Amino acid sequence: MNKIMYLEFERCIGCRACLAACRECGDHEGTERNYVDYVDFMESRQTFPMMCMHCKDPACARVCPANAIQITEEGVVLSASEEKCIGCRNCTFGCPFGIPKFDFDQNKMYKCDMCYDRSKHDIAPMCASVCPSDAIRFIDYDEMQTLRRRRTQLNLVEGRKPSEQDKWQYVPEFFGVYTD
Amino acid sequence: MQQLERSFYSKASMYSFFVVTILIFTMWIGTGQFAHVDMMLFGYLIGSIVFALGITGRMVSWSLRPATQQILKRSFQNLRTRSHKQRNIRAVLKTAFDNIILQKFIFKRGVYRGMAHWLLAWGCIGSFAITFGLTFGWMHFSLIDPETYQIVVMGVPTIKMAADGLFAELVYNGLNITAMMVLIGVTMALIRRTTSPDAKVTQRVEFDLLPLYVLLAVTGTGLVLTLSYKFLGGFMHPQLSLLHQVTVVLFLVYFPFGKLFHLPIRPLAAGVPMNYRETVDTRPCRSCGEIYSTDEQIIDVKGILAAQQFDLQLADGSYLSDYCPACRRKMRVMKQMNLEQPPKDPYAPVETMSGIQPPGFGRRRTSGEKEDYHE
């Protein structure tokens, strides 16, 4: 997999098409695994899409007593394998980003798997393929680097210069799985 | 215990040694000082011992993981506390009955899946019980008089039964019945795995399908064996029994290392409601005050993360797990968009990291060069 997910929270218009698309994905059984929330409802109508970061060393997998959360060779962090998940919900509290969801009825955790059947063939995940404002994009690694660079340049134009301590704050959120 | 452990190579080797010693000791008792070891089952015996070694090694390495250790510690601690003893034991028994005996939660994922899994699981467990009972000589049959059989368990005579009665038939055909259960279950599971697009998303041939094929081979050859001596007058019986033995030994050796290993770790699920759900959630989120978990669970999660050098402490000394999932998501976004702190001048436009102004913040959204940089 050479493509990565690229998120720009500011571009979200709150249409929730990504949620609807997520429900349609294979193996999601009609439940959405991503989120669209208000940043601060009292201040503005700004929403943001949120999905799993697919960490290299996921905290959710580390706090799982059953060793149920597996990472594919492409680097996608999958939902807890159904045969192992004991339903303790540790992952939902261990995740620094609040991503895993829990189904009390079926006693299992489920989370964004980057539409594994699609993204492993370099097809955009459902959410990225429907987002009308490009808040969620599934792009090449190089394209992402160009976008980040442009964004940094823009900050420089605005007179805010990144220093060694906070340079990473000047690039937008990006995550995903890529091989370099 | 510590001293004893140090005289072995590792924890796993210590427990493996004990398990094998106990197995051989029970065999010594069960077979009357090895008087009636069934030599026909010798291959199965070796396979079963390798199986026991594999399971022990895997169980030990699994229980050494920080997360597993923590929940095991919590479970035993809860079982020992006096104040809620009755409630805790009731919770464990109820969960064990619902989750392991009836497997209700799988039926909620689909009745078809539930049926397939229930048949598979109990077919396998039943077959294990009978196979291990016979290979280790824990039980055998003895003829009291020409009409009556007796089951001898561990050298202790137990139930007497008429040699051609209904109960006796059920006992003789025990393995056939469990094999039929497994066969139906395996067929259902294979059909689901090959036809359902949902199952295909993450399934892997070597992990999800191989165990089903192995089980199919075991039950298939086993049932053909019955067919041969019941209806075909023992046609090719020696060859078929050898074939069955080979498949069973392969199955036993494979068991601890593949998907089927979820069987011995599953009982841990029985402790979960006792530890974390028996009391209603009581812990409020540090930021929004919504109740999202219990104190014990958050302490455990923090402990597990600390044991693995995850530094998720914030500047104000709180941990990320002190916040509810929704607040954690929000914190990430606020940080990203530079909206964390209240603005110095409440009337000035908000400065986000990217220079794009979220709508509703005063400044006009399209202001020339800001919008076209993505083109």
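The model is predicted, so local features need pLDDT of at least 70, side-chain atom pairs count only at pLDDT 80 or more, and totals for chains, interfaces and linings use all residues. Residues are numbered from 1 along each chain as its sequence is written, chains are lettered from A and ligands numbered from 1 in the order in which they are written, and side-chain values use heavy atoms, with hydrogens and water left out.

Start at the interface. Here 62 residues of chain B are in contact with 68 residues of chain A; contact means heavy atoms within 4.5 Å. The size of an interface is often given as the accessible area lost when the parts come together. Chains B and A bury about 5,900 Å² between them, where buried area is the accessible area (1.4 Å probe) that two parts lose on being put together, summed over both. Carbon and sulfur atoms carry 54% of that area.

The rule finds three salt bridges across the interface, each a side-chain nitrogen of Lys or Arg within 4 Å of a carboxyl oxygen of Asp or Glu. Glu82(A) forms a salt bridge with Arg113(B), and their closest N and O atoms are 2.2 Å apart.

Several elements of chain B give two or more residues to the side that touches chain A, including helix 4 (66-80), strand 5 (291-293) and helix 15 (295-307). Helices (H or I, at least four residues) and strands (E, at least two) are DSSP runs, numbered from the N terminus. Helix 16 of chain B gives the largest share, nine residues. By class, this side has 30 nonpolar, 14 polar and 18 charged residues. Ala, Val, Leu, Ile, Met, Phe, Trp, Tyr, Cys and Pro count as nonpolar, Asp, Glu, Lys and Arg as charged, and the others, Gly among them, as polar.

Turn to the inside of chain B. Helix 9 (residues 174-195) and helix 11 (residues 205-231) of chain B pack at an angle of about 140°, with their axes 9 Å apart. Axes are lines fitted to C-alpha atoms, for helices over the stretch in contact, and angles run from 0 to 180 degrees between N-to-C directions. Among the residues that meet are Leu183(B) and Val186(B) of helix 9, and Leu212(B) and Leu216(B) of helix 11. This contact divides into 14 nonpolar, three polar and two charged residues.

Arg192(B) also lies in helix 9 of chain B. Not counting residues up to four places away in sequence, Arg192(B) touches Tyr112(B), Arg113(B) and Ala199(B). Arg113(B) is the salt-bridge partner of Glu82(A).
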